[in-house]
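Here is a short briefing on salt bridges in one protein model. Look at the sequence and the structure first, then read the points below.

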Amino acid sequence: MKSSAVPAVPAKGDQLERRVYLHPGGLWAEPFPGVITTVLGSCVSVCLWDPHTTLGGINHFILPHGGAVPSARYGNHAMAMLLARVLELGARRETLLGCVFGGASVLPGAPIGPTLGSRNVAEAFEFLERNSIAVLRHDVEGAQGRKLVFRTADGTTLIRKL
């Protein structure tokens with residue numbers, strides 16, 4: 001499976017961190033280190049990182065559930081695709097850590113019932129729980145969007161409210 005983000009490509013064999021902007025509906029997990037940036041409103045990004053192998057990946061899903069055709073636009077598919085990809089790269093399931101970000105309610109007015117953002121957040125946390133992946137950190141819901149920067153070499157995340 002190829003990543004849907006377009007990295008700035010250094011010289012072949014260069015192990016410098018790739019800087020990538022991850023678009024909505026995208027997924028990034030590669031065997032080399034990356035600094036992945038994305039902007040979230042009601043969308044959610046989940047970062048998976050293995051501290052033993054220093055492998056990590058991230059998704060950016062738009063809706064909690066999608067149809068039969070797998071797409072990283074939908075949380076139920078994006079989560080499974082991300083987990084499969086980091087395991088394929090050599091991450092160990094038993095040492096994976098997860099981070100969850102986004103899910104804001106950015107539209108004005110009081111919502112009736114659960115917001116799209118809160119449904120996206122629930123999908124992410126439920127998947128991580130079902131797969132026994134500990135949540136290392138999270139910054140979810142609220143009324144503000146977020147800019148997220150995830151560094152796969154050490155699993156660090158930086159959040160800036162918008």
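Predicted model: local features only at pLDDT ≥ 70, side-chain atom pairs only at ≥ 80, totals over all residues.

Residues are numbered from 1 along each chain as its sequence is written, and side-chain values use heavy atoms, with hydrogens and water left out.

The structure has seven salt bridges. A salt bridge here is a side-chain nitrogen of Lys or Arg within 4 Å of a carboxyl oxygen of Asp or Glu.

**Around R85**

- E30 and R85 form a salt bridge through their side chains, at 3.2 Å from N to O.
- E30 sits in the loop between β3 (27-29) and β4 (34-40) and R85 in helix α1 (residues 75-89), so the pair ties together parts 55 residues apart in sequence.
- Helices (H or I, at least four residues) and strands (E, at least two) are DSSP runs, numbered from the N terminus.
- R85 also forms a salt bridge with E88, with the closest N and O atoms 2.7 Å apart.
- R85 and E88 are both in helix α1, three residues apart, or about one turn of the helix.

**Buried or exposed**

- Buried means under 20% relative accessible area, exposed means over 50%, and partly exposed lies in between (1.4 Å probe, protein chains only).
- E30 is buried at 14%, and R85 is buried at 8%.
- E88 is exposed at 54%.

**Around R151**

- The side chains of R151 and D154 meet in a salt bridge of 2.5 Å, N to O.
- R151 is partly exposed at 30%, and D154 is partly exposed at 32%.
- A network of salt bridges links E17, R151 and D154.
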